[in-house]
Amino acid sequence: MPQDFASILGDLKKQETLEITQKWLASGKDPMAILNDARRGIEIVGQRFTSGEYFLPDLIYSGEILKQVTEMVAPELKGAAKVKKLGKVVLGTVAYDIHNIGLNMVDFMLDTFGFEVYNLGVDVPAEKFVEKIKTTGAPIVGLSGFLTLSFNSMKETVDAIKAAGLRDKVKIMIGGAQMNDDIRKYAGADAFGRDAVAAVSLVKQWIGGT
Amino acid sequence: MGKTPEELYQEREKRFNDAIQLKVPDRVPIAPHFIFFGAKYGGLNCQEAMYDYDRLAETTRKTVVDFDLDVYMNPSYLVSLGPMMEILGERQFKWPGHGVSVDSTYQYVEKEYMTADEYDAFLNDPTDYILRTYIPRVLGALEPLKMLPNIPGASYFVGLLILLPMAFAMEPVAQALEALARAGQESLKMLSRLEAFDKEMAALGFPSMLGSYGWAPFDCIGDHFRGTTGIMLDMYERPDKLLAAMDKLTPAIIGTAVGLVQQSGIPRCFIPLHKGLDGFMSPQQFDTFYWPTLKKVILALIDQNIVPIVLWEGDCTSRLETIVDIPKGKAIYFFESTDMHRAKEVLGGQVCIMGLMPSWLLCTGSPQDVRDYCKRLIDVVGKGGGYILNGGVGIPDEAKPENVKAMVDFTKEYGVYK
């Protein structure tokens, strides 16, 4: 039996993945089914990343393959039923910090796994997080930061969420190169994640648990 | 009877060099490297620090003297950049007053500054590509340089006598050259202040840690040309071109680093690394893409009697067995969060280790937390020499001064070799 689509993508065989997509589209296969298979492929990538077999470049490359598959499928998706999203997550890099690689990886992974992501971008003031939590009702907030100056911005963001009376309505996770459990405590967040795959596990755990 | 500054200078320089050469010094040297910490400690914001050479020098001196460091790092190379950035219309950074707050460090804008389809142009003639495509793209004031003629084409009379001089008669090119000259004046002013500062500090008895900068060729392409995402995709989609581009840059990186040593007279070169850490690539990718050209840079500097001070950012524990393969006692490996036990086990007796004091502890911990951690570092990594105490990536801009003081004082007291 030939290898299935998800494991071909999981093996990062870009050419083959795109050829199968092309063939399937030509034969009239349901575009949503193709995307679901592709997502299973990314799931394999995520598992291999967690087990230490894959690394950041592999994750980025899988994102590139998925992007190309999605671009090929997109014209066929018009009018297709909207996918039901699993839950809402507000993301952003905290005030004064403009780093976005980790932020965008988390956005990509959460989106791929079916969550509705509100990515506020970089250098996001605390009030903007508060406002977005209010308007979306998102139960999860992800704070990203790379520089040591983000330690205080994270703490200030959590404090602002507290001051707005929203602290018990949201779970807050932090991530970024220097983050660890001590900074999580310092900032007053609920969890820290080492990478984008860890962020997905946290979100799944929280959304599933409520 | 106190020691003279000259005696103190010799003593500190010897302590630092003994650690590098893996001899047992009188005590663990304490050499905290800092960028904006000194300026902030002296009451400047980041914007003032980046523009005012004299006040940066004053606050640096105050920091080195108040904390009584063994060896200091002159922060000017990494801080006194404001006037040049402004005159040249720098687009790769946001800096205080230009996209980030006056209290924030300058930050790099992650982007593809060279597109994937430009590798061929780069490989064919890097000088022409950098002069007429890259520089006009990243420095706004020099954008008109894209109007220059193809440089190798100016090697015979139509090019040499007509096209080349004509380009310089164009108003935008003339303005670009004027901006370049003004930036050059600032750069000269900054460098002469920097050199004078190092002399003043030497007269007070404090040696300077380094006088030169180098890069891993992979980081150079990744940070400045292709961007993080771009270079990671290149490892899959165009590995041969990426390897060729790194080969092209390697001699240029070595040449610049050696040139800076000749200019500064300080035979130590700082090589901060960004993209080779654990997780950022597999061991196999590290062996293929990252280490070979970096090793060339390190060996070339050692060959010229220059001590490479290689900052391995993040956790590089899985790289230790590979990177130990350099000449004994000739370099410093500066670690952020690599496992201290494994580092000592693998590198001890081969390469001097520096750093490892966590940034977050210096920013958010208490002096007692810092002393406790210092004790562990001195016990484990300092055992038998070959260790220099420093923050994981130096002293963070936001470190609490009382924590830095605790780190320095404790090391002087506890770090004595008996």
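At roughly what angle do the axes of helix α4 and helix α10 of chain B cross? Keep that in mind while you get set up.

This is a predicted model, where local features need pLDDT of at least 70, side-chain atom pairs count only at pLDDT 80 or more, and totals for chains, interfaces and linings use all residues. Residues are numbered from 1 along each chain as its sequence is written, while chains are lettered from A and ligands numbered from 1 in the order in which they are written.

Start by colouring chain B by pLDDT (the predictor's confidence in each residue, from 0 to 100). Chain B averages 96, with 100% of its residues at 70 or above. For the model, ipTM is 0.89 and pTM is 0.94.

Next, select residues 53-67 and 171-204 of chain B. These are α4(B) and α10(B), whose axes come within 10 Å and cross at roughly 25° (helices are DSSP runs of H or I, at least four residues, numbered from the N terminus; axes are lines fitted to C-alpha atoms over the stretch in contact, with angles from 0 to 180 degrees between N-to-C directions). The two helices are therefore roughly parallel, a label for angles under 35 degrees.

Now show side chains. On α4(B), pick Y53(B), D54(B), A57(B), R61(B), V64(B) and V65(B); on α10(B), the partners include R193(B), F197(B) and L204(B). Contact means C-beta atoms, placed from the backbone, within 7 Å.

Finally, bring in chain A: 26 residues of chain B contact 21 of chain A. Select 217-237 of chain B, helix α11(B), which gives the most to that side, with 6 residues.

Key: Angles under 35 degrees count as roughly parallel, over 145 as roughly antiparallel, 65 to 115 as roughly perpendicular and the rest as oblique. Two residues are in contact if their C-beta atoms, placed from the backbone, lie within 7 Å.
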